[in-house]
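Thanks for coming, everyone. I have one model to walk through, so please look at the screen.

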Amino acid sequence: MFGRKKELVKPWGKKERLIILSALLITVLVSVFFSFSSGNFEPPKFSNFSLDNIFKGETIIVGKIPVSPKIISEFNNMTRNLKGTYAFEVIDLSTGSKFGVNNDQVMQAASLIKLPLMLYVQGKVDDSKLEAMGKRSDNNVFKELVAKFGKATVQDYIDSLGMKNTSIAENSTTPDEIGNLFIKLYQDKNEKILSYLTNTIFENWIKKGVPEGVRVAHKYGREVGVVNDAGIIYSKNPFILVIMTQGVNELEADRLIPELTKMIYSTYEKDL
C-alpha cells in the first residue's frame, strides 16, 4: 500500500496572517498620526454631500467640510428669533460646491428678477438700459422692456437657463437659482453686466459687510417685508453669496444683512 500523501505546508497560516494584518494596521495608524502632527492631513472632500438629516429644513452641498456647518449654525443663531424667513446660499467659485439654508425655497424675488431680463436683452437694447437696471434698479426700464419683448418670451428664456422655479409673472425665484445665474455671469466673464452691478446706489447691505476695497458685483431688491441682496464677492477666494428674506421686519433685515455677510465672509476666508 502507498503511504498517506503528505499535505503541502501552507505558506500563510492564520497566525501569520494576523501578524501581517496587525503590522499593516499599525503602519497606517502611524502614518496618519504623523500626517496630523505635520499639519499636512486633509480630510476627504465631497462635492455632493448632503447633510439634510443633520440640519432640518436645509439643503446643503458641502465643499469645505469645516466651514459650512459653522456658518449655517451661526446663521441660524442670528436669525432664529426674528420675524419672517431668512435664506442664504454660498457658492465656492473654485469648485462649484455650495451650501446654505432654505436655498431651494421659492421666495419673493423683488428686483432680483431683473437679472435674467438683463441677460436676455443684452445686445438687443442700448447698454444704458442695462446700466439703469443694474446700478439704479430702474423699475420703469424693467417694465418697458418686459412690455417690449413680452412676458412669455422672457419667461421662455428664464426657463432655458434652467431656472424652473423663477417666474416673472409671480416675481418669484429661489436663492439657488439666483446663485446659478451668477455662476453663469462669472463663467461667461460677462464684464459688461457685472460692471453695472458694481458700485451701485445700493451698497449698504452685502457690500457693507465685506472689507473696504473688496469688489462686490451684486443685485439688491426690496419689497414690503422683503430685503434681498445677491452677488459675487471678489475676495482672495471669490464666492457667490445670496441672501433672501420674506415676511421680515425690513429694519431688522437692513441691520442684519451686513452682519450676516461679515460673519460669512470672515468665516469663509479664515477657513479656506
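What covers the buried residues of α4? The cover includes α3, α5 (139-149), α8 (191-196) and β5 (215-223).

A word on the ground rules. This is a predicted model, so local features need pLDDT of at least 70, side-chain atom pairs count only at pLDDT 80 or more, and totals for chains, interfaces and linings use all residues. Residues are numbered from 1 along each chain as its sequence is written, and side-chain values use heavy atoms, with hydrogens and water left out.

Confidence next. pLDDT is the predictor's confidence in each residue, from 0 to 100. The mean for the protein is 85. Of its residues, 75% reach 70 or more. Residues 1-10 have pLDDT below 50. Beyond near neighbours in sequence, that stretch has zero contacts in the model. Contact means heavy atoms within 4.5 Å. Residues 34-65 also stay under 50. For them the model has 47 contacts beyond four places in sequence. Where pLDDT is low, the predicted coordinates should not be read in detail.

Now the whole protein. It has nine helices and seven strands. These are DSSP runs, numbered from the N terminus: helices are H or I, at least four residues, and strands are E, at least two. Of the 272 residues, 47% are buried. Buried means under 20% relative accessible area, exposed over 50%, partly exposed in between, with a 1.4 Å probe and protein chains only. The protein exposes about 15100 Å². Carbon and sulfur atoms supply 55% of that area, by the Shrake-Rupley method with a 1.4 Å probe. Take contacts between residues at least 6 apart in sequence: 62% of them join residues at least 24 apart.

Back to α4, residues 127-135. Its buried residues are Leu130, Ala132, Met133, Gly134 and Lys135. Lysine 129 is in this helix too. Is lysine 129 buried or partly exposed? Partly exposed, because its relative accessible area is 24%. Leaving aside neighbours within four places in sequence, lysine 129 contacts Val141, Glu144 and Leu145. Valine 141 is 12 residues away in sequence, and 6.5 Å away in space, C-alpha to C-alpha. After α4 comes serine 137, with a positive phi near 55°.

On to α3, residues 114-121. Eight of its eight residues are buried. What covers them includes α4, α5, α6 (151-160), α7, α8 and β5. Just after α3, glycine 123 takes a positive phi of about 85°.

How does α3 meet α7, residues 175-187? Their axes come within 10 Å and cross at roughly 30°. Axes here are lines fitted to C-alpha atoms, over the stretch in contact for helices, with angles from 0 to 180 degrees between N-to-C directions. The crossing is left-handed: the near helix is turned anticlockwise from the far one by less than a right angle. From α3, Leu115, Pro116 and Leu119 take part. They meet Ile178, Leu181, Phe182, Lys184 and Leu185 in α7. By class, that contact has seven nonpolar, no polar and one charged residues.

Last stop, glutamine 246, in strand β7 (residues 239-246). Glutamine 246 is partly exposed, because its relative accessible area is 30%. Beyond four places in sequence, its contacts are Gly84, Thr85, Val106, Met107, Gln108, Gly225 and Val226. Valine 227 is 19 residues from glutamine 246 in sequence, and 7.4 Å from it, C-alpha to C-alpha.

Technical notes: Ala, Val, Leu, Ile, Met, Phe, Trp, Tyr, Cys and Pro count as nonpolar, Asp, Glu, Lys and Arg as charged, and the others, Gly among them, as polar.
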